[in-house]
Amino acid sequence: MRSPRNVLTPLDAVTAGLLAGAVGTVCLDAVHYLKYRRDGGTDSPLAWEFAPVENWEKAPDPGQVAKRVIEGFTQRRLPDGSAWLTSTVAHWAYGSAAGAAYGILAGSLPRPSPVYGVPFGAAVFAGDYVALPIAGLYKPIWKYDAKVVALDLGAHIAYGTGTAIAFWLLTRLGGVGRRP
C-alpha cells in the first residue's frame with residue numbers, strides 16, 4: 001500500500017491521466033497510420049494526422065460528436081470551415097479525457113500498473129461500439145468485417161497500453177504525486 005507521502009491527489013491523478021491519454025492517443029493513431037501506409041498511403045505522419053477536413057460530411061467521428069454537442073448547446077449550425085479544427089480538438093480531447101478517467105481510477109489503486117492498460121483500452125473500444133451506433137455514427141459491431149474490428153480493437157489496446165505506461169511513468173518516475 002502507498003504511504004501517505006506517495007498518495008496521488010485527485011488533481012495529480014487527473015493531470016497525469018490527461019498527459020497519459022495524449023500519449024495513448026499517439027499510440028492509437030500510430031496503429032492507424034501504419035495501416036494507412038501499408039495500404040499505400042504516402043503522407044508523412046504529421047500530414048496524415050492533421051489532414052484537412054473540408055466539410056462536415058467528411059469529418060471523422062470525434063468531430064461529428066463534437067458538432068452535435070456544440071450545435072445542440074448553442075442552437076447554431078457550425079460552418080464547414082470549422083470541421084477540421086473541431087474534429088482535431090475533439091479527437092485529442094477525447095483521448096485525453098479518457099486518460100483523465102484512467103488517472104482517477106488507476107490513481108486510486110494501491111499500485112497502478114501498466115498492465116491495466118489492456119482492459120482499459122478494451123473498455124474504451126467497447127464503449128465506442130456501444131455509444132456510436134446509438135448515435136447513428138457506427139453500424140452495430142456485428143455488421144463490420146472482422147479485420148476492421150480487430151484493427152480497431154488493436155488500436156484501442158495500443159491506446160490503453162500507452163496511456164497506462166505513460167501514467168505509470170509519470171507517477172512513479174516523473175515525480176507527479178510525490179510529496180516531500
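With a salt bridge taken as a side-chain nitrogen of Lys or Arg within 4 Å of a carboxyl oxygen of Asp or Glu, the count comes to 3 salt bridges. The model is a predicted one, in which local features need pLDDT of at least 70 and side-chain atom pairs count only at pLDDT 80 or more, while totals for chains, interfaces and linings use all residues. Residues are numbered from 1 along each chain as its sequence is written, and side-chain values use heavy atoms, with hydrogens and water left out.

| Salt bridge | N to O distance |
|---|---|
| Asp39 and Lys35 | 2.4 Å |
| Lys58 and Glu54 | 3.2 Å |
| Glu71 and Lys67 | 3.0 Å |

Side chains of opposite charge can pair when their charged atoms come close.

Accessibility is described here as buried (under 20% relative accessible area), exposed (over 50%) or partly exposed (in between), using a 1.4 Å probe and protein chains only. Lys58 and Glu54 are both exposed.

Glu71 and Lys67 lie 4 residues apart in helix α3 (residues 61–74), which means that about one helical turn separates them; helices here are DSSP runs of H or I with at least four residues, numbered from the N terminus. Glu71 is buried, with a relative accessible area of 17%, and Lys67 is buried as well, at 15%.

Conventions: Helices (H or I, at least four residues) and strands (E, at least two) are DSSP runs, numbered from the N terminus.
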